[in-house]
Amino acid sequence: MWDLRGPSQPRQQFSGHAMVVTGLAVSPDSSQLCTGSRDNTLLLWDIGTGRCAERASISRNLVTHLRWVPHEPYVLQTSEDKTIRLWDSRGLQVAHVFPAKQHIQTYCEVSEDGHKCISCSSGFGGEGCEATLWDLRQTRNRICEYKGHFQTVASCVFLPRALASMPIIATSSHDCKVKIWNQDTGACLFTLSLDGSGPLTSLAVGDTVSLLCASFSRGIHLLRVEHSRGLELREVAAF
């Protein structure tokens, strides 16, 4: 952990995993850190002291991503065992396991209100390669699937409601494409091809009109949502 306004040395170190750390999530009150690893283990840390407060391990649970649910004591986790788990941080126990998918779940994201989550899937040639919307409330059902990428979908994000008249999400894939989807119907609204970028690895909302997209070959792409001819996505810079 680093202090952005402090010295160049780390403020705190959290050492406890036996293999590479592949996910981390900070609690809404910034008092706890949850980390996941390819060692099949989740660790819950006290941020102030750096002490490991809880440890949980499940066989074959190779963690790919973690997200803390806003306003809740729950952590969402995707895994190479093709499942999505919801953990209760109070004791670090599994609160729910969503129905297993056919492919590795690579990434997860939670809506700002904490009511829904998205996971996305590995795949090739259009097999797998989808994102899935889930209900995080009582029923915890699958709501919708978003199919149209041809390689692994590496990242997915909920986009700000101000961008469109309907709720929308975005996905990025190893097929060099970023897609915008109607969250409710699963319809693809726009596809941006970043040719020559190599696999696209992650997405982040920059502000109310822009996205950041990381790629293997061309660094970070700054993308802007425009409405001049309907809903479109345009690359405006690369770093």
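**Notes on strands, pockets and turns**

1. Let's start with a pair of neighbours: strand β6 (residues 74-79) runs antiparallel to β7, and the two are joined by five bridges. Within this pairing, Val 75 sits opposite Trp 87 of β7. The hairpin that β6 and β7 make has four residues between the strands, and one to look up there is Lys 82, whose phi is positive, near 80 degrees. Please keep in mind as you read that this is a predicted model.

2. Now follow the chain to the other partner of β7. Strand β8 (residues 93-97) also pairs with β7 in the antiparallel sense, this time over four bridges. Here Leu 86 is the residue that faces His 96 in β8. Again there is a hairpin with four residues between the strands, and Gly 91 in its turn has a positive phi of about 100 degrees.

3. How many residues of strand β7 (residues 84-88) are buried? Five of the five are, so β7 is largely enclosed by the rest of the structure.

4. Next, a feature taken from a record. In the model, residues 63-88 are 65% strand and 0% helix, with end C-alpha atoms 16 Å apart. For residues 146-191 the figures are 52% strand and 0% helix, and the C-alpha atoms at the ends are 13 Å apart.

5. The largest pocket has a volume of about 470 Å³. It is lined by 19 residues, and those closest to its centre are Ser 111, Glu 112, Phe 158, Leu 159 and Arg 161. Which strands each supply at least two residues of this lining? They are β9 (105-110), β15 (153-158) and β19 (200-205). The largest share, three residues, comes from β19. Sorted by class, the lining has ten nonpolar, seven charged and two polar residues.

6. The second largest pocket holds about 270 Å³ of space. Its lining includes Met 1, Phe 14, His 17 and Trp 45. Strands β1 (21-26) and β2 (32-37) each supply at least two lining residues, and β1 gives the most, with three. What is the make-up of this lining by class? There are eight nonpolar and three polar residues, and no charged residues.

7. Finally, two backbone angles deserve a look. Most residues other than glycine have a negative phi. Arg 60, in contrast, has a positive phi near 70 degrees. You will find Arg 60 in the loop between β4 (52-57) and β5 (63-68). Is Arg 60 buried or exposed? Its relative accessibility is 62%, so Arg 60 counts as exposed, the cut-off for that being over 50%.

8. Cys 176 also has a positive phi, near 70 degrees, and sits in the loop between β16 (168-173) and β17 (177-182). Its relative accessibility is 17%, so Cys 176 counts as buried, a label used for values under 20%.

How values were computed:
Residues are numbered from 1 along each chain as its sequence is written. This is a predicted model: local features need pLDDT of at least 70, side-chain atom pairs count only at pLDDT 80 or more; totals for chains, interfaces and linings use all residues. Side-chain values use heavy atoms; hydrogens and water are left out. On a 1 Å grid over the protein atoms alone, a cavity is a set of points where a 1.4 Å probe fits but cannot get out, and a pocket is an open set with protein on both sides within 12 Å along at least five of seven lines; lining residues have an atom within 4 Å of a point. Grid points are joined across faces, edges and corners, and a volume is the space filled by probe spheres set on the points. Ala, Val, Leu, Ile, Met, Phe, Trp, Tyr, Cys and Pro count as nonpolar, Asp, Glu, Lys and Arg as charged, and the others, Gly among them, as polar. Buried means under 20% relative accessible area, exposed over 50%, partly exposed in between (1.4 Å probe, protein chains only). Two strands pair if DSSP finds at least two bridges between them.
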